[in-house]
Amino acid sequence: MGSALKYLNELNALGSKPGLVRIKELLGRLDNPQDDLCTVHVSGTNGKGSFCAYLSSILTDSSYSVGIFTSPAVMDPYEIIRINNTFITDEKLTEVLDIIAPICNDMEKEGIGHPTRFEIETAAAFMYFKMQGCDICIIECGMGGKDDATNVIAKPECCVFTSISMDHMEYLGSTLKDIAITKSGIITPGSLVISTSQDPAAAGVIEKVCYDRDCDLIIADNKVADEDITLDTRKRELCFVYDGCRYVSKLTGYYQVENAILAITCAKALSQRGFKISSDNIVNGIASAVNPGRFEILSDSPLFIIDGAHNKDAANKLALSLKAADIKEAVFIFAFYKDKQFDEILKILLPFARAVVATETPGSLRALPAINLADYIKEHYDIKVICEEDAAKAVKSAEDEASGLPVIACGTLSDLAIIKKTFLGDRS
């Protein structure tokens, strides 16, 4: 483990503390690097990472230097800060943190409070992108919007909203309208706002905030006929026709059509604002985008898929992908956090399951213990359940149980790196 990562891991004890006082103070003492960046600010519930992957790929194909800040890390701890999909190195991150850490210590001594890990990562991303001279930066909210540490961008090039649904209710609100109000807090007066088609409750909030803050609003038209979408697990590609153009994507989830169209809409809007982005750049960008852990097909024979479905909306979208891939029955590996609506997710996905392997995220206080999950499923469903605390061993149990059936691992992003490494390692 590199020195930068060790330092950041030590900050986990600070937990999550919504609010902008600490991050604004920290950035102020760093001469506000975010003010020198051209940014696309992204909020929403599901699809943020995939949208960022698509848009950054389009902009990279257009020969721009593109900084991307996303969270949480799924496969590599350094992936949260990257330029043109090249992860920041421990050496570069250490260089930035060596500047930030003493300031954080001073803030704590002065009674302001020590910035949290996410706040420090946010500041590090802004600093790094400025140091590297990025042409444009895509900044993903960590959670919410109004009080998110990323909400310090005075004049974004545009504010983007992926699908808004129910998640993190203990922080963001108990209704979809409340959550949309929190997320729409990133909208700055006079900015360009681009949103995917939303549930009416969320759409109404975004429209009102845009009106109140004198913002232009573009709604991405993501209506594509089913016959114009093809999900091929053997080729590991998703194809769709939109606005007369055929697109091919390595991100194979059926739900990625919506994220891709939002990125296409955003790219076209940026081109109208002076960015040199051609139609070929957009097609190439959609084709080359990668975002591991989102309906990622690790093998087509036997079929083994990992997906980050961790809330009700994401589970519904995973179910649509399973239907599109003609998967009627599978063995599932489930791991959940205690604060998630795992009961709702199970209702949606268990109709596809012949059997379940219940596992858990190692070393996480938020993890739902595998035995608790297994007991819940046994109590409420007539289905075979295998309890395996170790996520790596859960892979072997699922494969043995599947006997040629597809295996689907989902429920949280935090286990997917272990599951992917184990599965691919068994075949190397």
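Tutor: Buried means under 20% relative accessible area. Keep that in mind as we read this predicted model.

Student: Happy to. Which residues of H14 are buried?

Tutor: In H14, the buried residues are Ala391, Ala394, Val395, Ser397, Ala398, Glu399 and Ala402.

Student: What should I look at where H14 starts, and what follows it?

Tutor: At the start, a side-chain oxygen of Asp390 comes to within 2.9 Å of the backbone nitrogen of Ala392. After the helix comes Ser403, with a positive phi near 50°.

Student: Now the core. Which residues touch the most other members?

Tutor: Nonpolar side chains tend to be buried together in soluble globular proteins. Here the largest nonpolar core has 78 residues, and Leu55, Phe332, Phe334 and Leu349 touch the most other members. Helix H9 (residues 256–272) gives the largest share, 10 residues. Another core, of 37 residues, lies apart from it and includes Leu20 and Cys137.

Student: Is Ser50 buried or exposed?

Tutor: Ser50 counts as buried because its relative accessibility is 3%. This serine lies in helix H3 (residues 48–61). Beyond four places in sequence, Ser50 touches Leu251, Gln256, Asn259, Asn291 and Arg294.

Definitions and conventions
Residues numbered from 1 in each chain as written. Predicted model: local features only at pLDDT ≥ 70, side-chain atom pairs only at ≥ 80, totals over all residues. Heavy atoms only, no water. Buried < 20%, exposed > 50% of the residue type's maximum accessible area, 1.4 Å probe, protein only. Helix = DSSP H or I, 4+ residues; strand = E, 2+ residues; numbered from the N terminus. Polar contact = N/O pair within 3.5 Å; in protein donor to acceptor, adjacent residues only side chain to side chain. Core = buried A, V, L, I, M, F, W, Y, C linked by side-chain atoms within 4.5 Å. Contact = heavy atoms within 4.5 Å.
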